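Dear colleague,

I am passing a structure on to you, and it is shown just below. After it you will find a description of what was found.

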Amino acid sequence: MTISVGDRIPKTTFVKSTPDGPQPVDSDEYFKGRTVALFSVPGAFTPTCSARHLPGFVEKVDEFKAKGVDEIACTGVNDAFVMGAWSENGGANDKVTMLADGNGEFAQSVGLTMDGSKFGMGTRGQRFSMLVRDGVVEQLNVEEPGAFNVSSAEYMLERL
């Protein structure tokens with residue numbers, strides 16, 4: 001079942017790359033008492049994700065903060081090392097928090113997986129964005145396969 005507006009983010013553990021190595025991030029603690037703009041990419045370093053999706057959020061971080069967003073986070077079915085390297089490569093350090101969903105447990109728990117087997121990627125998270133306030137989904141924007149529009153930073157900002 002796909003998560004909906006008004007639903008609570010399911011309990012899961014992300015992994016974040018830090019200077020001290022990979023660190024677990026409990027979803028309940030992460031989203032508690034905060035407003036987070038979360039977006040999901042099918043894969044770090046993939047063309048649309050690297051050229052358009054991540055850069056849009058990096059460039060608009062100040063606009064999100066001005067509209068009451070405490071943090072922008074990106075999740076993808078990649079390991080923390082890949083997400084950390086992508087963050088550095090994409091200029092996202094200190095702007096977008098990378099939350100690795102290496103086993104795809106978060107993507108599965110919110111019902112937003114896709115089959116990337118045709119491209120050698122296996123099961124991944126779909127491209128989407130959501131606004132999460134104190135652990136509850138207030139906005140959910142899920143892309144059609146192959147599209148990039150409703151999960152963009154611009155689209156989300158227009159709806160805040």
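Which residue is the bridge partner of Ser-40 in β8? In β8 that partner is Phe-128.

Before the rest, a word on how the description was made. This is a predicted model, in which local features need pLDDT of at least 70 and side-chain atom pairs count only at pLDDT 80 or more, while totals for chains, interfaces and linings use all residues. Residues are numbered from 1 along each chain as its sequence is written, and side-chain values use heavy atoms, with hydrogens and water left out.

The mean pLDDT of the protein chain (pLDDT being the predictor's confidence in each residue, from 0 to 100) is 94, and 100% of the residues reach 70 or more.

**Strands**

Two strands are said to pair if DSSP finds at least two bridges between them. By that rule β8 pairs with β3 in the antiparallel sense over six bridges, and β8 also pairs with strand β9 (residues 136–142), again antiparallel and over six bridges. Between β8 and β9, Val-132 has Val-137 in β9 as its bridge partner, and in the hairpin of these strands, which has two residues between them, Asp-134 takes a positive phi near 50°. Five of the six residues of β8 are buried, so that the strand is mostly covered (buried means under 20% relative accessible area, exposed over 50%, and partly exposed in between, with a 1.4 Å probe and protein chains only).

Strand β5 (residues 96–100) is mostly covered as well, with five of its five residues buried. Val-96, Met-98 and Ala-100 point one way from β5, whereas Thr-97 and Leu-99 point the other way. Strand β4 (residues 71–76) pairs with β5 in the parallel sense over five bridges, and Ala-73 stands opposite Thr-97 in β5. From β4 the chain crosses through helix α4 (residues 80–89) to β5, and this β-α-β crossover is right-handed, a term that applies if, with the strands pointing away from the viewer, the path from the first strand over the helix to the second runs clockwise.

**Helix α2**

The buried residues of α2 include Cys-49, His-53, Leu-54 and Phe-57.

**Charged pairs**

Side chains of opposite charge can pair when their charged atoms come close. A search of the whole structure finds six salt bridges, each being a side-chain nitrogen of Lys or Arg within 4 Å of a carboxyl oxygen of Asp or Glu.

In one of them, Arg-34 and Glu-71 meet at 2.0 Å, N to O. Arg-34 lies in the loop between α1 and β3 (35–41) and Glu-71 in strand β4, so the pair ties together parts that are 37 residues apart in sequence. Arg-34 is partly exposed, with a relative accessible area of 23%, whereas Glu-71 is buried at 16%.

Asp-28 forms a salt bridge with Lys-11, the closest N and O atoms being 3.6 Å apart. This pair links distant parts of the chain, Asp-28 being in helix α1 (residues 27–31) and Lys-11 in the segment before β1 (13–18), 17 residues apart. Lys-11 is exposed, at 56% relative accessible area, and Asp-28 counts as partly exposed at 37%.

A further salt bridge joins Glu-138 and Arg-133, with the closest N and O atoms 2.8 Å apart.

**Aromatic pairs**

The structure holds four aromatic pairs, counted where the ring centres of Phe, Tyr and Trp (its six-membered ring) lie within 6.5 Å; planes under 30 degrees apart count as stacked, over 60 as edge-to-face and the rest as tilted. Tyr-30 and Phe-31 form an edge-to-face pair, 5.0 Å centre to centre with 90° between the planes. Phe-57 and Phe-64 form a stacked pair, 5.4 Å centre to centre with 25° between the planes, and both residues are buried. Phe-39, Phe-57 and Phe-64 form one aromatic cluster.

With kind regards

Technical notes
Helix = DSSP H or I, 4+ residues; strand = E, 2+ residues; numbered from the N terminus.
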